[in-house]
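Me: I have a structure to go through today. Can we take it step by step?
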Amino acid sequence: MTERIEGHGGELALAALRAYGVREMFTLSGGHVFPLYDAAHKTGFPLYDVRHEQSAVFAAEAVAKLQRRPGLAVLTAGPGVTNGISGLTSAYFNASPVLVMGGRAPQFRWGSGSLQEMDHLPLVAPVTKHAETVFSADDIPRAVAAALTTALTPHRGPVFLDFPLEAIFSTGDADLPAGPALAPIEADPEEVAKAAALIAGAQRPVVIAGSDVYAGDAVAALRAAAEALDVPVFTNGMGRGALPPEHPLAFAKARRVALKGADVVVVVGTPLDFRLSFGDFGDATVVHIVDAPSQRATHVQPAVAPAGDLRAILTTLAEYTGDRADHTDWVAQLRTAEDAAKARDAEEMAAETDPIRPARVYGELRKVLARDAITIGDGGDFVSYAGRYLEPAQPGTWLDPGPYGCLGTGMGYAMGARVTHPDRQICVLMGDGAAGFSLMDVESLVRQKLPVVMVVGNNGIWGLEKHPMRAMYGYDVAADLQPELRYDQVVTALGGAGETVAKAADLGPALHRAFDAGVPYLVNVITDPADAYPRSSNLA
Ligand SMILES: Cc1ncc(C[n+]2csc(CCOP(=O)(O)OP(=O)(O)O)c2C)c(N)n1
Ligand SMILES: [Mg+2]
């Protein structure tokens, strides 16, 4: 029998949110959304507040990405919502099931010029899967349930609801939604069989697995498929750590050699975008396995592109019983390339230079990080190095901004990660430029007792822009920051702690102090401004 619920709009919303597995809200105060706070306050529903709405949405996104369940940000009408749009857009690019609930000026005098009166829907519609204004309290549980079902249905993504003042403040009653009931999308069995035969029959196959493999809870199935078909696996995004680094089929550094030599490239759960040379792998046959038909590429034509539940598709691949080629030599060839690249990296990570190069920062960090530590990248070159030198050992431990590449995710992602994992190491790797977007939210972390470690690669420049601009024009503008600025003192002023490190030998002890501090702690590492991340293209 369905349960009947009653109360004001905030209470009705919260009851539906709980039914869908939402366990906290991230917000910045505004009168338009007070009923949601009232409902949370009266029922002990955790509420975390921030200093800029983008951090609330990024925090909700981190929860969604890490926990594979909906994350919630509550933003006030008008500027609250517009400040959240970069976060929403990132969630859209990352297929993260985020719900943003906005306040909204009263409907009964719409057009008369109420405070913060604007129609949010045309702004958010292009970057959400669903955007709706809910005009009555009675209708709120239905709307929440519908929005979250859409958010959680592959291909996942953010959704938006707003509530005119009188709708959320008035009382009503409704049926309590039952919670998510998602029917898995079934891929065409013939396409899956064709993909299996192509991979098994290939001489030199490669798998590249991305975020949707983790989001679709298909990590174990990926591993089973790779092992059954003996295929080397590379990863990106939330796919990183899907195979532990010591697994014989786990590769990271031999990608160039692998893609040059491969005869079949299998891309699973990630788009054929700029990160994967737009799906152009020379003469190799491309198999693109996606979680929904909408994710099939339109700019290239793979040999086959099964679309559906990734766990089911990968499990079918693992059960393939047809003929197969022997990949032993291919795997061994890649292992040789991987080991050689690892040895080069190890040298760079140990290098004793003055000023410090980013590689050394990661060399020291690797000694301090636990296997289950969450690492978060927010910056330019400094974060490209993180991607190269850090090897996530478990799935769900690496957060990057994703293909939208928005700077400023740092403190929001850190908050979401800390709320998700109260006992793990949380480490944010920030460029000094990126730090400026969200550092004020250290205050939120301090006040709400959410300790995290920040490591700033302080080169005094927007490095990822300065070096390419110089290469292109012979000069650069708008690319300098104050050199050796004391970002650690900013954190100290906000109630946290930190220190500046300029010598490589001091890095290790500083990192230990940071993880032992129990408050937000920033290690401000003065790095070499001349160091530029080597790229094949100068534009990023
Ligand atoms: C919101 C936003 N603004 C601007 C950019 C363009 N951008 C990409 S990387 C970068 C430089 C980052 O500098 P910093 O964080 O100091 O890292 P560094 O490259 O110096 O290591 C800029 C400005 C962006 N990606 N996102
Ligand atoms: Mg910089």
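Reply: On a 1 Å grid over the protein atoms alone, a cavity is a set of points where a 1.4 Å probe fits but cannot get out. A pocket is an open set with protein on both sides within 12 Å along at least five of seven lines. Lining residues have an atom within 4 Å of a point. Grid points are joined across faces, edges and corners, and a volume is the space filled by probe spheres set on the points.

Me: OK, how many cavities of 30 Å³ or more are there?
Reply: The count is 4 cavities of 30 Å³ or more. The largest cavity holds about 80 Å³ of space.

Me: Before we go on, what kind of model is this?
Reply: This is a predicted model, where local features need pLDDT of at least 70, side-chain atom pairs count only at pLDDT 80 or more, and totals for chains, interfaces and linings use all residues. Residues are numbered from 1 along each chain as its sequence is written, chains are lettered from A and ligands numbered from 1 in the order in which they are written, and side-chain values use heavy atoms, with hydrogens and water left out.

Me: Back to the largest cavity. Which residues line it?
Reply: The lining includes Ile199, Val207, Leu222, Val266 and Leu314. The elements that give two or more residues to this lining are helix H11 (219–229), strand S11 (264–268) and helix H13 (310–318). Helices (H or I, at least four residues) and strands (E, at least two) are DSSP runs, numbered from the N terminus. H11 gives the largest share, 4 residues.

Me: How many of the lining residues are nonpolar, polar or charged?
Reply: The lining of the largest cavity has 11 nonpolar, no polar and no charged residues. Ala, Val, Leu, Ile, Met, Phe, Trp, Tyr, Cys and Pro count as nonpolar, Asp, Glu, Lys and Arg as charged, and the others, Gly among them, as polar.

Me: Where does Ala95 sit, and is Ala95 buried or exposed?
Reply: Ala95 is in the loop between H5 and strand S5 (98–104). Ala95 counts as buried because its relative accessibility is 5%. Buried means under 20% relative accessible area, exposed over 50%, partly exposed in between (1.4 Å probe, protein chains only). The phi of Ala95 is near 55 degrees, a positive value in a residue other than glycine.

Me: And His155?
Reply: His155 lies in the loop between helix H7 (140–152) and strand S7 (159–164). The peptide bond from Pro154 to His155 is cis, with omega near -10 degrees. The bond from Asp354 to Pro355 is cis too, with omega near 0 degrees.

Me: Switching to the metal. What coordinates the magnesium ion (ligand 2)?
Reply: Asp432 (OD), Asn459 (OD1) and Ile461 (O) coordinate the magnesium ion, at 2.1 to 2.2 Å. Donors are N, O and S atoms within 2.8 Å of the metal (3.2 Å for Na, K and Ca); water is not among the atoms, so sites may look incomplete.

Me: Which residues come nearest to ligand 1?
Reply: Of the 16 residues around ligand 1, Asp381, Gly405, Asp432, Gly433 and Gly463 come nearest. A residue is near a molecule or strand if one of its heavy atoms lies within 4 Å of it. A polar side-chain atom of Asp432 lies 2.8 Å from an oxygen atom of ligand 1. For Ile461, a polar backbone atom is 3.0 Å from an oxygen atom of ligand 1.

Me: One last spot. What does the side chain of Ser444 contact?
Reply: The side chains of Ser444 and Asp441 are joined by a polar contact of 2.4 Å. A polar contact is a pair of N or O atoms within 3.5 Å; within protein, one must be able to donate a hydrogen and the other to accept it, and residues adjacent in sequence count only if both atoms are side-chain atoms. Ser444 is found in helix H19 (residues 442–447). Ser444 counts as buried because its relative accessibility is 0%.
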